[in-house]
Amino acid sequence: EARREYSAGQKDNRPFGDIVLELDVLPFQFFSLSARNTFDVNSGGMKQNNYDLILFDSRGDSVSAGYRYTRNTLEGINLSVKAEINRSLGLTYILSQNRLDQRTVESTVGMLYRKQCWSLGLSFSEQGGDRSFMVYFSLLGLGKNN
């Protein structure tokens, strides 16, 4: 592959593909760490780095932090918090920022109210200058295949 001649307009010779490295670690109950990385063998540098750290409990509460890097495109930090206030009410918060251009990609606050066979959700989100407010209603069990 390295010696192959390409006609005009074709890409450079790339004799090797990228190496993808994945790691999932659950060292303690309610704690997880994952890493997804891509190494470009031809250029000798990291192409992508993705790391996630999650703390959670048996009730459904969770806190997560993530780091995303894609060469020359993205360097992002993602944070999310989910709190189960009681059996019927849950709250969420999501924040995503791109550190390369110093801007907030997404900021979302949400609430979910659950009853025995239905749920009602509300969320407010800002993404790239757009603001949205969403109300959704769900009937549990509809559309399931038994």
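Modeller: Of the 146 residues in the chain, 16% are buried, meaning under 20% relative accessible area with a 1.4 Å probe, counting protein chains only (exposed is over 50%, partly exposed in between). Keep in mind that this is a predicted model, where local features need pLDDT of at least 70 and side-chain atom pairs count only at pLDDT 80 or more, while totals for chains, interfaces and linings use all residues. Numbering starts from 1 along each chain as its sequence is written, and side-chain values use heavy atoms, with hydrogens and water left out.

The chain has nine strands and zero helices, both taken as DSSP runs numbered from the N terminus (strands are E, at least two residues; helices are H or I, at least four). As for contacts (heavy atoms within 4.5 Å), take those between residues at least 6 apart in sequence: 16% of them join residues at least 24 apart.

Now your close-up. Strand 5 (residues 74-84) and strand 6 (residues 89-98) run antiparallel, joined by nine bridges; strands count as paired once DSSP finds at least two bridges between them. Leu79 sits opposite Leu95 of strand 6, and a hairpin of four residues links strand 5 to strand 6. Strand 6 also runs antiparallel to strand 7 (residues 103-114), with ten bridges between them. There, Asn98 has Arg103 in strand 7 as its bridge partner. The hairpin of strand 6 and strand 7 has four residues between the strands, and in it Gln102 takes a positive phi near 50°.
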